[in-house]
Amino acid sequence: MQVFEKIGPLRDTLAGHRNSGKRIGLVPTMGYLHDGHATLIRRAVEECDVVVCSVFVNPQQFNNTSDLSNYPKSWDKDLKLARGLGCQIMFKPGDDEMYPQEPLVRITTKLITTEMEGVFRPGHFEGVALIVVKLLNIVAPDVAYFGQKDLQQLALVRQLTLDLNIPVKITGIPTQRDASGLALSSRNARLSSTQKAQAANIYKALMAAGQQLEDNSDVSKALGAGLEILAKAEINPEYFNVVNSETFQPMQSVEGSNQVAICTAATIGEVRLIDNIIVQLTHDD
Ligand code: AMP
């Protein structure tokens, strides 16, 4: 396992691997690795010869300073976990290495980032776009792995690589959950066990809404079923939407759609959580 904090030496090492025909995989993370990250790393190890896992808590994508300062860290554990899974390279740059000066470039995106996280976390996706493009330019991987847990982010990354002609394959990995259904997240470390039990209702609400949609294709009934579960659990979501899974625009009707997503965000205690499910629809007509 090699650890790099500087871009130059990382690039030199990767150029050597590339020249000897090795397939390079990248798993970008913000650290505090859990089984969700492990699934991405495992898949990268299966498919690539050299796997780079980056650990960088990107200040540019945090719109809330306390969220940034409270973001959990566990570098020694992260290193052990990634090494155990067969990851060969960790990239852990400092803020100064990634942003030697305040970046002046902003990458904005239409449509897919205008709703939900784009509304409730102003500037978040610009920060994500910037760091993802920087990491893809630094590592120049053949494949990069992202979780469906951040579904809007995954769509943004796919769009970036398409619109900016970045030669990389983007692979999306299904959301990993604990036994209660709660989506694994580094932020869960800040939840008490009672709050975790409460937060498990987020997935229950998504599943209830998904079931309603599958049964009768009625968006308002589906939203009603999900919101009822959240209300009973005393969870007041920032949004709970059925959206087009390509444009991420909320839908009032799913007529003619074969696939939609149901996305939500809610704060439990002081921790903001997001989750989503993808629903496949079959129409009788
Ligand atoms: P983060 O460290 O939270 O920025 O996440 C790094 C990558 O892991 C992102 O592509 C996330 O979508 C993905 N990820 C985070 N949590 C999960 C999860 N529970 N299941 C699958 N992927 C995840």
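User: How many positive and negative side chains does the protein chain have, and how far apart do the centres of the two sets lie?

Analyst: In this predicted model, the protein chain carries 27 positive and 32 negative side chains. The centres of these two sets are 7 Å apart.

User: What does the secondary structure of the protein chain come to, and how compact is the chain?

Analyst: Ten helices and nine strands make up its secondary structure. The radius of gyration is 19 Å, close to the 19 Å given by the globule rule for 285 residues, so the protein chain is as compact as a globular protein of that length. Along the principal axes, the C-alpha atoms fill a box of roughly 55 × 45 × 40 Å. Among contacts with a separation of 6 or more, 74% join residues 24 or more positions apart.

User: What share of the residues is buried, and which residues touch the most other members of the largest nonpolar core?

Analyst: In soluble globular proteins, nonpolar side chains tend to be buried together. Here, buried residues make up 51% of the 285 in the chain. The largest nonpolar core has 45 residues, and those touching the most other members are Leu10, Leu14, Val52, Phe91, Met98, Val132 and Val139. Helix H7 (residues 124-139) provides the largest share of this core, with eleven residues. Apart from that core lies another, of 27 residues, including Ala222, Ile235, Ile262 and Ile277.

User: Which residues does valine 52 touch, leaving out those up to four places away in sequence?

Analyst: Valine 52 touches Leu14, Ile24, Gly25, Leu26, Val27, Cys87, Ile89, Phe91 and Val139.

User: Where does lysine 169 lie, and what is it in contact with beyond its neighbours within four places in sequence?

Analyst: Lysine 169 is part of strand E6 (residues 169-173). Beyond those neighbours, lysine 169 is in contact with Asp142, Val143 and Ala144. Lysine 169 and valine 143 are 26 residues apart along the chain, yet their C-alpha atoms are separated by 4.6 Å. With a relative accessible area of 47%, lysine 169 is partly exposed.

Terms used:
Residues are numbered from 1 along each chain as its sequence is written. This is a predicted model: local features need pLDDT of at least 70, side-chain atom pairs count only at pLDDT 80 or more; totals for chains, interfaces and linings use all residues. Side-chain values use heavy atoms; hydrogens and water are left out. Helices (H or I, at least four residues) and strands (E, at least two) are DSSP runs, numbered from the N terminus. Buried means under 20% relative accessible area, exposed over 50%, partly exposed in between (1.4 Å probe, protein chains only). Contact means heavy atoms within 4.5 Å. The radius of gyration is taken over C-alpha atoms; the globule rule is 2.2 Å times the number of residues to the power 0.38. Lys and Arg count as positive and Asp and Glu as negative; His and the chain ends are not counted. The place of a charge is taken as NZ of Lys, CZ of Arg, CG of Asp or CD of Glu. A nonpolar core is a set of buried Ala, Val, Leu, Ile, Met, Phe, Trp, Tyr and Cys residues joined through side-chain atoms within 4.5 Å.
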